[in-house]
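Please read the points below alongside the sequence and the coordinates.

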Amino acid sequence: MEDSRRNFLKMAGIAALGAGASPVLNAFAAGGGPAATPKTMKGKDILWAKQWGLVIDTRKLTTAEDLKPLIDACHKTHNVPFIDPAIVGHNRHEIKWLWQTGYANAFPDLEARYTHEEVETRPFLVLCNHCENPPCVRACPTKATFKRPDGIVAMDFHRCIGCRFCMAACPFGARSFNYRDPRPFLAETNLAFPTRTKGVVEKCNFCVERLADGLLPACVEASNGALVFGDLEDPASEIREVLRTNYTIRRKVALGTGPAVYYIV
Amino acid sequence: MLEYAIKGSKAYCAWMTALLGLIGLGFGVWLWQFNFGLGITGLSRDVSWGFYIAQLTYMVGVAAGGVMVVLPYYLHDYKAFGRITILGEFLAIAALIVCLLSVVVDLGQPMRILNVWLHPTPNSVLFWDTIVLNGYLFLNLVIGWNVLQAERNGTHYPGWVKPLIYLSIPWAISIHTVTAFLYCGLPGRGFWLTAILAPRFLASAFAAGPALLILLCLLIRKVSNFDPGREQIQALAKIVTYAIIINLFFFLCEIFVAFYSQIPEHTTHIKYLFVGLHGHGVLVPWMWASMILMATAAIMLVIPAIRHNEGVLAVACAMLFVGAWIDKGLGLISAGFVPNPLHEVNEYVPTLPELAITLGVYAIGALVLTVLFKMAIGIKEEVRA
């Protein structure tokens, strides 16, 4: 999003300068060096990684009450509306970034006929997997969905044309579409994060806006240590230590998308 | 040449007025959708593509089917089709307009549609689909217009049109291949994840497109002084016969792979369509009707005595057209989403506003087709007089 704003400002600047812009550009080109090519700079507090990842310790989140604060934190932070089926009469317009489901739904290919009794009833948190090889990014016809250098699969809500190709491409059902104006369904609005318009897709963004300010994702912060967030590419990171010392599973690995969300069962 | 479309009989005027009425209705409902959002449709978080995208898929087939008159004439020098190639090209134009409008009405943010070309993304199949659909529309407009104009003036069409005609033949194959690639390259959508999807699309296209053309030829003979010709209709009928049999064969290949391997990812969607899943089966009667219609039409067409009788041929073509429409325009898209990636079953049924908008889109297609055919027939009547 920062990139497109930068481009926009650049283009607006050039347009305003009109014909006068060309000597300016020539001067830049003649000068060479770093000024000639625009570059993205990181904020001073930003948390950065090569591939952000998440480990969910499902042993520490065993009831719906355990999950609720995490889901609420996420949805409040990101202005995710609650479109009450009791009010609109159906559940078709539901929007969710982080939600709970059953083991067999989260891991349909790992479902066993006879399974651990406690796991069978345990709620599982599901969200966008910020895949290493995301099919949604491949499908998007406008680059409104893109993979950032830190591995986060992010979205530009202002570029999305609402074709929903990404929703068909996602094998995890992680994406929601604004079938109507979501704003009337917000109990309160977090002014630090944009609300959405009708007609665009949205999903979990691993809290890019919080990472930019040096904060961990909202769900991780609310999890009392049940969620561990970190750089999967950094062998010295806490998340890698957790992955080294615990057996974890990921959703639908056979599809080759490389989910960055791991589960300790 | 458009002047031919302005004047016409009372019935012609009534038909055009009715179409304009449907277009007005569809446009009005679309304004409502534009204002409210796609929430006025039956689409949901789980079934995120439905009736609109299904019509795109089906009409791409009808558009591609037009090549079945162009190819024999230009590549095999089958002279009889020279009389009706223009009908195939004009049918493709009308069908493509329905396709493109079906995409437009499906967009959440239609005002941003140019983002597809402002930010071209070659890794997206949808980007390529816009290229091939618009390209094929452009090719048929240029070719159809020039060839018809030459016919009216009693001259040969300009030389530069010929390469475009040759180009339009593989291009016709491409529009349906790329449209199949929209679906069959998606991981985790087991119903579509099959290499035979594009060939299957083409087979049903080459059945449904020419079947519609046969019906249109019979209608033209009734309402005008231009006779597309018995030989032409019979040749088309043979093409339809082969294509529908290949289409059914491909379908049986799918069934075999899914049910002999018994991999749930592949069987559940087919089960949902034909027997229902966890008590949900809104499409079950439709799908059986589709199979019965297509199989019966295939049997009717394969018997020469029946095929040669134009009245019965028309019935078989209509059955086939409806059967293929149910298969592609109703079942194929929503079944890919049921069950959803979390194996939950949430069904989709189009709403009345959704149907009204679709009807409006089809009415635009019918209007374009009527204008183009009226023009072509007017010129053909004049030249032959």
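1. Helices (H or I, at least four residues) and strands (E, at least two) are taken here as DSSP runs, numbered from the N terminus. This is a predicted model, in which local features need pLDDT of at least 70 and side-chain atom pairs count only at pLDDT 80 or more, while totals for chains, interfaces and linings use all residues. Residues are numbered from 1 along each chain as its sequence is written, with chains lettered from A and ligands numbered from 1 in the order in which they are written.

2. Chain A holds 11 helices and 10 strands, and 42% of its 265 residues count as buried (20 or more other C-beta atoms within 10 Å of a residue's own; exposed means 12 or fewer, partly exposed in between, with C-beta atoms placed from the backbone). Of the contacts in chain A with a separation of 6 or more, 66% are between residues 24 or more positions apart, a contact being two C-beta atoms, placed from the backbone, within 7 Å.

3. A:V88 belongs to helix α4 (residues 85-88) of chain A, and is partly exposed because 15 other C-beta atoms lie within 10 Å. Once neighbours within four places in sequence are set aside, A:V88 is in contact with A:I83 and A:H93. Its C-alpha atom is separated by 37 Å from that of A:G151, which is 63 residues away along the chain.

4. In chain B, helix α8 (residues 161-184) has 24 residues and reaches 34 Å from its first C-alpha to its last, close to the 34 Å expected (1.5 Å times one less than the number of residues). The buried residues of α8(B), among them B:I165, B:A172 and B:Y183, pack against α3, α4, α7, α9 and α14 of chain B.

5. The axes of α9(B) and α14(B) come within 9 Å and cross at roughly 140° (axes are lines fitted to C-alpha atoms, for helices over the stretch in contact, and angles run from 0 to 180 degrees between N-to-C directions). That makes α9(B) oblique to α14(B), since angles under 35 degrees count as roughly parallel, over 145 as roughly antiparallel, 65 to 115 as roughly perpendicular and the rest as oblique.

6. α3(B) and α9(B) pack at an angle of about 70°, with their axes 7 Å apart, and α3(B) is therefore roughly perpendicular to α9(B). The residues of α3(B) that meet α9(B) are B:G61, B:V62, B:A64 and B:G65.
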